[in-house]
Amino acid sequence: MTYETHGTYETYTNPVLNADWSDPDVVCVGDDFYLTASSFGRAPGLPLLHSRDLVNWTLVGHALEHLEPAEEFAGPRHDCGVWAPSLRHHDDRFWIFWGDPDQGVFQVNAPEIRGPWTRPHLVKEGRGLIDPCPLWDDETGEAYLVHAWAKSRSGVKNRLTGHRMHPDGTSLLDEGKLIVDGDRIPGWFTLEGPKLYKHDGWFWILAPAGGVETGWQGAFRARDFFGPYEEKIVLEQKDTEVNGPHQGGWVRTPAGEDWFLHFQQRGAYGRVVHLQPMSWGPDGWPVLGDEGAPVAVHRRPDLPVQPPAAPATDDDFPGGRFGRQWQWTANPQAGWATQHSADGLRLTCVRTADAHDLRTLPNILTQRLPGVPSAVEVELELHGEEPGARAGLAVLGDAFGWIGLQRGTDGSVHLVHRFAEAVAMGAPPTPFGQWGNERDADHPRLAPEGRARLRIEIGTGARCRFAYDVGEGLRWSGPVFAATPWRWVGALLGLFALAPTGPGPAGAASFTEFRIRPL
């Protein structure tokens, strides 16, 4: 994050997290700020970010090592899993609640942000229960939970349900009550993502509506948790370029300043995170941004100046270990990545009958697509000797493209570049469905030494150009490929190694010097 100086103060520029950190929530503990976000079907899940100034963030870990039940996430479920978590600090512990739309409301907690985190505990079972948020009322000792509904699983949406919760966060004490019915508010639809607070004698629910691409941020308040609530739109696009400012969390700094972090849907880039100033109007309602419009540039928070920082992207894979920025597309299995004494990621060529469709495979190691035009590079060496063994660098979404190496039947290694189109409307949504084979994007070329430098340039609109160097200089390959998101998840960068079905080990591939640089 770069700063600019305007007069006597420094400013920041949105987005403060320019990648797919979907559905953020934030909490302040002492002088530190922590943020988590949706991780859907990837593992590890529930990313944990840290900041001292709300502008510069680093990734410090994950709260969820595996998704549960483990067998449900043995294969990719790209738009399922962890939806819209809430992060709180209570009773000297960190708490994260989230909704799995197919299972219910879960909770984990830990004494420190870096753990150890408890295993997921199912607080409320049921399909369509999403976006839960707890509140411990320090004045009364009562605890509450609010959640939204996914129509795709429950048949209803646009409403918020409230519960009394046991103070230990393990169970709910009632059957729940409808506390906000969006169908009764003229013009409101897809009410979701509630965040629950107590302030100035009011219960507050900050919740978006109107859909992720064009919606708005609402605020609701009531003297009693179960209502009745009154509502107001507190942040919307207006005449800015920030479409659908949406779903996030309010945080107060040690100096008493209020700020609001939310996402903006940006197509293949996913949901990038903006920071808005927040104050309180004479009518007692929150005022977000510039009188309810998102700010592009603003005075930075009144907090100690911090050096520029952002979640890591580059990786030398020391000892074969990969950094926190990487996630598998499903629960991992032992042996997919092997440690060794040197630098470089060594991925096992996992045998599969579905090598033609990366979207169906659990052993793709991914990280988020950068939100600015960037060049991605990695060095690849294919060790697998079996015909059909392959490895590469991918842009993975509802459509995908990859460039890499493949062993031929004569033992030679070729540079290959392939792609597959997006899933047709109405195609089976099952994780292992046959969605169409990949196709060559260019003619295969010999890689005499079995190694290549791979490059993807991601331009405006997430339009990707693929290139390679097999010892003769950088050469472009195939046409431009437009990255596409899944329904709720932005496109991903991925590394993989595969082999055809058969007996015994199939070898490995080594990746070194992974780099992302702005163009």
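## Overall build of the chain

Of the 519 residues of the chain, 60% count as buried, where buried refers to a relative accessible area under 20%. The model described here is a predicted one, and its secondary structure amounts to one helix and 39 strands. With a radius of gyration of 23 Å, close to the 24 Å that the globule rule gives for 519 residues, the chain is as compact as a globular protein of that length.

When contacts between residues at least 6 apart in sequence are considered, 59% of them join residues that are at least 24 apart.

## Surface and charge

The accessible surface of the chain comes to about 20,300 Å², and carbon and sulfur atoms account for 50% of that area. As for charged side chains, the chain carries 47 positive and 66 negative ones, and the centres of these two sets lie 3 Å apart.

## A strand with a partner on either hand

Is strand β13, which covers residues 159-165, largely enclosed or largely open? Five of its seven residues are buried, and so β13 is largely enclosed by the rest of the structure.

Strand β13 is paired with β12, which covers residues 143-149, through five bridges, and these two strands run antiparallel. Within this pairing, Val-146 stands opposite Gly-162 of β13. Strand β13 is also joined to β14, made of residues 177-181, by four bridges, again with the strands running antiparallel; here Thr-161 is the residue that stands opposite Leu-178 of β14. As background for looking at such strands, the side chains in a regular strand alternate between the two faces of the sheet.

## An open sheet of seven strands

Elsewhere in the description of the chain comes an open sheet of seven strands, whose order is β25-β26-β39-β29-β35-β36-β37 and whose pairing is antiparallel. Its edge strands are β25, at residues 337-338, and β37, at residues 475-482, each of which pairs on one side only.

Key:
Residues numbered from 1 in each chain as written. Predicted model: local features only at pLDDT ≥ 70, side-chain atom pairs only at ≥ 80, totals over all residues. Heavy atoms only, no water. Pairing = 2+ DSSP bridges. Rg over C-alpha atoms; globule rule 2.2 N^0.38 Å. Buried < 20%, exposed > 50% of the residue type's maximum accessible area, 1.4 Å probe, protein only. Contact = heavy atoms within 4.5 Å. Areas by Shrake-Rupley, 256 points an atom, 1.4 Å probe, with all protein chains shown as cover. Lys, Arg positive; Asp, Glu negative; His and termini not counted. Charge placed at Lys NZ, Arg CZ, Asp CG, Glu CD.
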